[in-house]
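Colleague: I would like a close look at a single part of this model, with the cut-offs spelled out as you go.

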Amino acid sequence: MAGEEIKKKDEESLSFEKSVMLYLHDLIYLLAIVMIVFVFLFRIVVVSGSSMYSTLWNGDWLLVTGSVFSKEPQVGDIVVASKESFNFGEPIIKRVIATEGQTVDIDFEAGIVYVDGVALQEDYTYTPTNVEEGIVFPITIADGCIFAMGDNRNGS
C-alpha cells in the first residue's frame, strides 16, 4: 500500500510540473503573437501636449493602425508622423489640411485657413490660426507630401 501512495504522489507531482510547463509554453506563444500584432499591425501612441486640444487631450492613448492597413492620407484625417530632425523623432499627431498639389494660404489676422482659395470650415479647431511660425504663404504642397496642423492652432 505504501508503494501505491508514493506512486500516486509521483504522478501528481509530474502532472503538476507538466501542467506548469504547458501553461508556460502557451504563454510564450501568446506573447509572441501579441508582439507580432503590435509590431506589424498596430501600435499605441500617447498624446503628448495640447496641440490637438480639444479633439485629443494630453495623455490620451491611441491605437494606431500600421502600414499594412494604411491608405493615402485624406484631408481631415488625423495622422501620426515622425521625423528624426524634429523633436528627436518622437511621434506628432496632427490633422491633414491639404495634400499634394493643393495650395494653402493662411490669413493670420482673421485666423482663416484657405485651401485652393476656399476657406476651410473648421468646427474642430480650438483656436483660430493667428500665430505665424515663419512659413511664407501661400504654399503649394509637393508631390508625396501633406500639410498638417494641430486643432489647437495657437498652441501647436
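In which loop does serine 51 lie, and which residues does serine 51 touch?

Modeller: This is a predicted model, in which local features need pLDDT of at least 70 and side-chain atom pairs count only at pLDDT 80 or more, while totals for chains, interfaces and linings use all residues. Residues are numbered from 1 along each chain as its sequence is written, and side-chain values use heavy atoms, with hydrogens and water left out.

Serine 51 lies in the loop between strand 1 (42-46) and strand 2 (61-65), where strands are DSSP runs of E with at least two residues, numbered from the N terminus. With a relative accessible area of 14%, serine 51 is buried; buried means under 20% relative accessible area, exposed over 50%, and partly exposed in between, using a 1.4 Å probe and protein chains only. Leaving aside residues up to four places away in sequence, serine 51 touches Ile93, Lys94, Gly150, Asp151, Asn152, Gly155 and Ser156, a contact being heavy atoms within 4.5 Å.

One of these residues, Asp151, leads on to the charged pairs. The side chains of aspartate 151 and arginine 95 meet in a salt bridge, at 2.7 Å from N to O, the rule being a side-chain nitrogen of Lys or Arg within 4 Å of a carboxyl oxygen of Asp or Glu. Aspartate 151 lies in the segment after strand 9 (146-149) and arginine 95 in strand 4 (residues 92-99), so the pair ties together parts that are 56 residues apart in sequence. Both aspartate 151 and arginine 95 are buried.

By this rule the count comes to three salt bridges. Another joins glutamate 122 to arginine 153, with the closest N and O atoms 2.6 Å apart. Since glutamate 122 lies in the loop between strand 7 and strand 8, and arginine 153 in the segment after strand 9, this pair ties together parts that are 31 residues apart in sequence. Glutamate 122 counts as buried at 14% relative accessibility, and arginine 153 counts as buried at 6%.

There is also a salt bridge between aspartate 77 and lysine 71, where the closest N and O atoms are 3.3 Å apart. Here aspartate 77 counts as partly exposed, at 23% relative accessibility, whereas lysine 71 counts as exposed, at 59%.

Methods:
Helix = DSSP H or I, 4+ residues; strand = E, 2+ residues; numbered from the N terminus.
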